[in-house]
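This report describes a protein model for a reader who works with computed structures. Please look at the sequence and the coordinates first.

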Amino acid sequence: MYLPPHDPHVDDPMRFKPLFRIHLMERKCATVECMYGHKGPHNGHIQIVKKDEFSTKCNQTDHHRMSGGRQEEFRTWLREEWGRTLEDIFHEHMQELILMKFIYTSQYDNCLTYRRIYLPPSSPDDLIKPGLFKGTYGSHGLEIVMLSFHGKKAKGTKITGDPNIPAGQQTVEIDLAHPLQLPDIENLRDFSELSRIVLEVQEQVRREEQEQEHQQEEEDCSQPAASQPAAKPLGGEGAEGEETAAGAAGTTQDKAPASQPFVLPMGVISRNEDYPRTCRICFYGTGLIAGHGFTSPERTPGVFVLFDDDRFGFIWLELKSFSLYSRIKVSFQNAEAPSREAFDEMLKNIQSLAT
């Protein structure tokens with residue numbers, strides 16, 4: 001299992017933890033050993049469920065228990081997962097979230113189902129190369145997000161989840177048709193100034209969506225059922241009208257400097273203060289927030305900040321919080337390189353599984 005580095009060090013490498021191993025024997029036989037726990041390898045089982053999916057089961061879960069009981073197991077897990085002790089964590093809300101995660105993950109005892117992750121298809125026109133990123137999520141620690149591009153949109157899909165937003169949900173969505181012009185560095189320190197800029201763009205996006213809906217309704221009413229050729233869909237989904245991620249912001253990027261100074265506004269909380277102080281370009285976007293158990297989910301406005309080819313950030317306006325993302329540079333192989341259409345369909349399936 002690849003685990004993210006300890007919070008909040010997003011630029012550190014991923015950590016490796018073996019969960020099971022298979023011994024191939026003569027006559028096409030094999031033995032499976034569970035590697036979970038601290039008492040060494042023990043008897044396990046693997047079942048192939050279907051294509052791109054298999055399950056593991058531990059047959060000796062007593063090997064996972066510690067002599068000091070759940071309290072010792074929790075403290076050991078805390079040192080391994082977070083690189084700290086409970087005494088180091090003073091924030092009561094953070095202690096509660098960490099305990100919830102321990103209870104949730106430890107109940108499975110390495111009896112898990114695995115599904116293959118298909119990495120996003122890449123295009124030369126993409127803003128940056130898509131892929132997997134480590135991101136800071138406040139008291140939840142570091143989580144893994146998959147960045148993919150879909151015409152005028154970019155999406156960050158959670159590969160690992162938390163008690164609020166589960167895996168498979170779109171944590172951030174970036175509107176590549178609406179780049180943001182940040183104020184000068186002094187005015188950028190003023191949160192109210194950044195908030196004003198973002199909310200103006202949010203209102204513009206809302207008006208454009210209403211106009212598109214109204215235009216589509218008029219076209220549907222005025223167009224005869226079968227006598228007229230089909231109208232091109234809004235947004236240009238066909239080869240002639242499709243606008244790529246880079247194309248959507250092309251004019252803005254041509255005019256914008258190669259980099260511009262960047263600083264977080266006063267009052268915006270960041271787990272990692274070591275974020276880049278220059279950025280390439282910013283876009284309007286939305287971030288998904290919810291209560292515990294994915295209750296009352298809603299998309300809220302924010303700012304996508306592209307720092308370089310391997311790092312980006314997102315300012316959550318409503319939460320006054322900043323997430324910093326760094327690319328996972330471990331090489332993963334695609335089983336099959338899916339088309340963008342097939343990849344979009346797989347994303348929908350992942351989201352339906354997560355909910």
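The paragraphs below go from the whole chain to a helix and then to a sheet.

## Basis and overall make-up

The model is predicted, so local features need pLDDT of at least 70 and side-chain atom pairs count only at pLDDT 80 or more, whereas totals for chains, interfaces and linings use all residues. Residues are numbered from 1 along each chain as its sequence is written, and side-chain values use heavy atoms, with hydrogens and water left out.

The protein has seven helices and 18 strands, taken as DSSP runs (H or I of at least four residues for helices, E of at least two for strands) numbered from the N terminus. Of its 355 residues, 41% are buried, meaning under 20% relative accessible area with a 1.4 Å probe and protein chains only.

## Helix 1

Helix 1 covers residues 69-82, and its end C-alpha atoms lie 20 Å apart, in agreement with the 20 Å that 14 residues should span at 1.5 Å a residue; the expected span is 1.5 Å times one less than the number of residues. Its buried residues are Glu73, Phe74, Thr76, Trp77, Leu78, Glu81 and Trp82. Their cover includes strand 1 (2-3), strand 2 (15-16) and helix 2 (92-106), where contact means heavy atoms within 4.5 Å. Just after helix 1, Gly83 adopts a positive phi of about 70°.

An open sheet is formed by five strands in the order 3-4-5-6-7, with antiparallel pairing, where two strands pair if DSSP finds at least two bridges between them. Strand 3 (20-24) and strand 7 (112-115) each have a single partner strand, so one side of each is left without a neighbour in the sheet.

Within the sheet, strand 5 (residues 42-50) and strand 6 (residues 53-58) run antiparallel and are joined by six bridges, and His45 stands opposite Lys57 in strand 6.

Conventions:
Buried < 20%, exposed > 50% of the residue type's maximum accessible area, 1.4 Å probe, protein only.
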